[in-house]
Amino acid sequence: MDISGKVAIVTGSGAGIGAALARRLAAGGARVVVTDLDGAAAERVATEIAVDHPDSVIFSAGDAADEATLRDLIARTEAEFGPVDLFFANAGIAGGLGLDSTEEQWNAALQINVMAHVRAAKLLVPGWVERGSGYFVTTASAAGLLTQLGSAPYSVSKHGAVAFAEWLSVTYGGKGIGVSCLCPMGVQTALLDTGFSAGDKSAELAARAVRTAGEVLDPADVADIVVDAVADGRFLILPHPQVLEFYRHKGSDYDRWILGMRRYQEALLAADGV
């Protein structure tokens, strides 16, 4: 899909990948809704975008996992900009860590990392099918294809995000609906800086695993890659190309891959400061 002239909603766009996506979409000629649980952050990003694109951005505050909030967000977007063409399900949280993660942490991770996507799709896809066009972009993680050392809720919920994106593409891809799934490793965001930094051994393991697996990318570079992938209609977006090789190793010999991950974990735990 060519983003020029299109209407896009980006959840979790008060910072990080979401903010970079909002900026890139506006620069490419799209009209963008910046929305985040942190309304002040969403306003800052929208104000920044409006300097160069004054009629192309609005902002909103709200929980991306709440269906009523999503319904109101879509209605406001349609009233101000017209029908939604692209939805970026980008909001995400780290959740808990190991088996000591609470029910509340598990629920929060599943709600925002998976169910937020499901609820947005329920509200948008039927209309897109009638129009014969629409595009849904899921921000998952390499953890959704591989795993996340140190954090069970993050790993499980991101696997769910990938699975839902796959299902959405298989089910509606033949009806004019585009679907892409973003699966990066390390990106310089607050999630990496603080989401896995609770002063806990598992938290430090999770952060160290991300930082040592490959280059930590700037969100703006990731946003460029995402927009290019949407233009090409590619499903799997891998800002870190080595993720595909890791995924192939996993599929070709699952037991060997798990053994390798155990060894990698042991090496990280043995490193200074962990």
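**A seven-stranded parallel sheet**

Seven strands form an open sheet with parallel pairing, in the order β3-β2-β1-β4-β5-β6-β7. Two of these strands sit at the edges: β3, residues 57-61, and β7, residues 236-237. Each of them pairs on one side only. The model is a predicted one.

Start with how such a sheet is held together. Strands of a sheet pair through backbone hydrogen bonds, and the pairing can be parallel or antiparallel. Here the pairing is parallel.

Now follow one end of the sheet. Strand β2 covers residues 31-36 and pairs with β3 in the parallel sense. Five bridges make up that pairing. Strand β1, residues 7-11, runs parallel to β2 and is joined to β2 by five bridges. On this side, T11 stands opposite T35 of β2.

Is β2 largely enclosed or largely open? Five of its six residues are buried, so β2 is largely enclosed by the rest of the structure. The cut-off matters here: a residue is buried when its relative accessible area is under 20%.

Next, look at a helix. Helix α1 spans residues 16-27, and R24 lies in it. R24 has a relative accessibility of 25% and therefore counts as partly exposed. The partly exposed class runs between the 20% cut-off for buried and the 50% cut-off for exposed. Which residues does R24 touch, leaving aside neighbours within four places in sequence? They are I3, A223, D224 and V227. A second residue gives a sense of distance. N90 is 66 residues from R24 along the chain, and their C-alpha atoms are separated by 14 Å.

Step back to the whole protein. The C-alpha atoms fill a box of roughly 55 × 40 × 35 Å along the principal axes. For 274 residues, a compact globule would have a radius of gyration near 19 Å; the protein has 18 Å, which agrees. Of the 274 residues, 49% count as buried. Among contacts with a separation of 6 or more, 72% come from residues 24 or more positions apart.

Terms used
Residues numbered from 1 in each chain as written. Predicted model: local features only at pLDDT ≥ 70, side-chain atom pairs only at ≥ 80, totals over all residues. Heavy atoms only, no water. Rg over C-alpha atoms; globule rule 2.2 N^0.38 Å. Buried < 20%, exposed > 50% of the residue type's maximum accessible area, 1.4 Å probe, protein only. Contact = heavy atoms within 4.5 Å. Pairing = 2+ DSSP bridges. Helix = DSSP H or I, 4+ residues; strand = E, 2+ residues; numbered from the N terminus.
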